[in-house]
Every structure is written in C-alpha cells, then in structure tokens.
Amino acid sequence: MNITTETKDDATLLRFQEERLDAHNSQELKDYLVQLLENGAKALILDLSEVRFVDSSGLGALLSGYKNAGLRDSRFALAGLQTRVQSMFELTRLHKVFETHPSVEDALASLARGTPHDSKSD
Amino acid sequence: MTRNRISLEIEIPPQTRYLGLIGHIGEQLAREMGEYAGDSDVLAYTLNLVLTEALANAIKHAGCENPVLRVYISIEENDLCIQVYDQGKGFDISELPCPDPEELCERGRGIFIIRNLMDSVDYRKTESGNVLEMKKKLKTA
C-alpha cells in the first residue's frame, strides 16, 4: 500500500496513492487507520483522488475507519472521490454515511469551521 | 453473416494480487466491443468490478485442493457470460441477506454489487467445482 501521511491544521492528512482500493490492499488500509486513531488522531482526512476503483472490501475498510473514528469521537472524512468511485458509494447507499468533500482543501476548510457533517450527500 | 464471439479462459492462483490483472482484462475487453451501444466506460468499470468481486469471493472460498481459479468470459452477439470456478465448500447464494445500509457491516456487499450490475447471478455446484455464473444482455447499436 502506497500512502503518505502529514499533519495539517490539526488534521492527519492521508494521501492514498494507489489506483485501486480492493481486497488486495484494503486490510492494510484498515489496520493503518485503526493504528492512527489508537494513537490519538482526532481528525483523519483520506485523500482518494488517485483512486479510480473501489470494491466492496475497500468500502469495508473505509467503513471500519468511519466506525472506529466515531468510537473515539474523532472525525473521518473522504476527499476527492472520482465519479466511478462515488457511484460505488451510491450503489451501496453509503454516500449517506460518509462525510465527503470535493478536495482536501474543502475538507480542511470544513474542519476549520468545525462543521463535521455538513457535506453528506442526500 | 459471421457471428461475433469472444471467449477467454483464464487461470490464476487464488491470490488477491491478481485482482488488478483480472479487472484490467475486463476493462480492455469492454473497450474492444465497439458495437456496444452503451457507455463503454461504464461497461469497462462494470466488468472490472464484477470480475474483481467474483474473484475475491472465489479466493475466499477457494479451498486448498486445487490452487488455481478458473475464469471464463464469453461474449456472443450481445450476451455476456462470466463464470468463476472455485473448489471450496460453497455457499447458498439464496440465503445471502441484502446488506442493510443502516447496520454498516464491513463485509457482505460483493454479491449484492454483482446482482445490481448483472442481469442474472447464480452459484451452484458442478462436476468441475462450484461456479458463480453472471450474465448480462449488452445493448447493441
């Protein structure tokens, strides 16, 4: 799994630099997200703009991150979803669950405003 | 008139590292089908996704007797058929629940996704092992 991590404006910014998020790398991402949350990350922004393919295992890893963040009162947001990836969220009705933003900058701006759930799709 | 028929038979080890390869094959196949009247990008993503989900499912149920998964893809006229064989214990596809979006389960969406994208999905035991068979009628120009 190719992922970079940096801290920006109190948020942990993760750039997932893979074309696919599938059953081959989803467990690794899941474990990594849990590790960051256990280490005290209060806001995770996962940049998926390079991902053009997500399968059900990938969605499962993202759900794990979402649920673990909720358990710790941390914030978990996705940024930069490509159209086909967004369609996967809609197909599985998960677009109503995740906080998503068009870009990392939008996610950071939302974080600065302190409005955690203002961008969920209807 | 010659009937157009494309048939692929693929054997891969039951390892998730090959999911990208099989998905890529599905995408390239979709792009070669020039007579398809729909959006070729949508069809490419669909084939990538159903092949990935089916193979991931087969890897999970592969069993250890035969360390190879077999995939058949055929397109004849506008009939697409994908068969994925595994040698595991199998499962009853009719008993798989529809995932509840409220429950936020991390697993159990693979077959649901395939069912949404294909016209028919069947999983049954055969003399060659268990087979997940997925069919879709493609639009033609």
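## Two chains, question by question

Modeller: Going along the sequence, chain A runs β-β-β-α-β-β-α-β-α-β-α. Keep in mind that this is a predicted model.

Colleague: How many helices and strands does that make in chain A?

Modeller: Four helices and seven strands.

Colleague: What makes chain A as compact as a globular protein of its length?

Modeller: The globule rule gives 14 Å for 122 residues, and the radius of gyration of chain A is 13 Å, which is close, so chain A is as compact as a globular protein of that length. Its C-alpha trace spans about 30 × 30 × 25 Å along the principal axes.

Colleague: And what share of the 122 residues in chain A is buried?

Modeller: Buried residues come to 53%. As for the contacts in chain A with a separation of 6 or more, 66% are between residues 24 or more positions apart. The accessible surface is about 5,400 Å², with 43% of it on carbon and sulfur atoms.

Colleague: How far apart are the mean positions of the positive and negative charges of chain A?

Modeller: They are 6 Å apart, for 14 positive and 19 negative charges.

Colleague: Let's turn to the rings. How many aromatic pairs are there over all chains?

Modeller: Five. One of them is Y66(A) with F98(A), at 5.6 Å centre to centre and 65° between the planes.

Colleague: Why is that pair of Y66(A) and F98(A) called edge-to-face?

Modeller: Two tests. Ring centres have to lie within 6.5 Å, and here they are 5.6 Å apart. Planes over 60 degrees apart count as edge-to-face, and with 65° between the planes, Y66(A) and F98(A) qualify because of that cut-off.

Colleague: What makes you say the pair ties together parts of the chain?

Modeller: Y66(A) sits in helix α2 (residues 56-71) and F98(A) in the loop between α3 (83-91) and β7 (99-101) of chain A, so the pair joins parts that are 32 residues apart in sequence.

Colleague: Why is Y66(A) called partly exposed?

Modeller: Buried means under 20% relative accessible area and exposed means over 50%. Y66(A) has 23%, so it falls in between and counts as partly exposed. F98(A), at 0%, is under the 20% cut-off and therefore buried.

Colleague: Why is the pair of F76(A) and F98(A) called tilted?

Modeller: Their planes are 55° apart, with 6.4 Å centre to centre. Stacked would need under 30 degrees and edge-to-face over 60, so 55° leaves tilted. This pair also links distant parts of the chain: F76(A) is in strand β6 (residues 75-79), F98(A) in the loop between α3 and β7, 22 residues apart. Both F76(A) and F98(A) are buried.

Colleague: Which residues form the aromatic cluster?

Modeller: Y66(A), F76(A), F89(A) and F98(A) form one cluster.

Colleague: How do you know that V104(A) is buried?

Modeller: Its relative accessibility is 4%, and buried means under 20%, so V104(A) is buried. V104(A) is in helix α4 (residues 104-113) of chain A. Neighbours within four places in sequence aside, V104(A) is in contact with L13(A), R15(A), D47(A) and A79(A).

Colleague: Now chain B. What is its pattern along the sequence?

Modeller: Chain B reads β-α-α-β-β-α-β-β, with three helices and five strands.

Colleague: How do you know that the radius of gyration of chain B agrees with a compact globule?

Modeller: A compact globule of 141 residues would have a radius near 14 Å, and chain B has 15 Å, which agrees. Its C-alpha trace spans about 45 × 40 × 25 Å along the principal axes, and 45% of the 141 residues are buried.

Colleague: Where is E77(B)?

Modeller: E77(B) is in the loop between β2 (69-76) and β3 (79-86) of chain B. E77(B) has a positive phi of about 55° and is not a glycine.

Technical notes. Residues are numbered from 1 along each chain as its sequence is written. Chains are lettered from A and ligands numbered from 1 in the order in which they are written. This is a predicted model: local features need pLDDT of at least 70, side-chain atom pairs count only at pLDDT 80 or more; totals for chains, interfaces and linings use all residues. Side-chain values use heavy atoms; hydrogens and water are left out. Helices (H or I, at least four residues) and strands (E, at least two) are DSSP runs, numbered from the N terminus. The radius of gyration is taken over C-alpha atoms; the globule rule is 2.2 Å times the number of residues to the power 0.38. Buried means under 20% relative accessible area, exposed over 50%, partly exposed in between (1.4 Å probe, protein chains only). Contact means heavy atoms within 4.5 Å. Accessible areas come from the Shrake-Rupley method with a 1.4 Å probe; for residues, only the protein chains shown count as cover. Lys and Arg count as positive and Asp and Glu as negative; His and the chain ends are not counted. The place of a charge is taken as NZ of Lys, CZ of Arg, CG of Asp or CD of Glu. Rings of Phe, Tyr and Trp (its six-membered ring) pair if their centres lie within 6.5 Å; planes under 30 degrees apart count as stacked, over 60 as edge-to-face and the rest as tilted.
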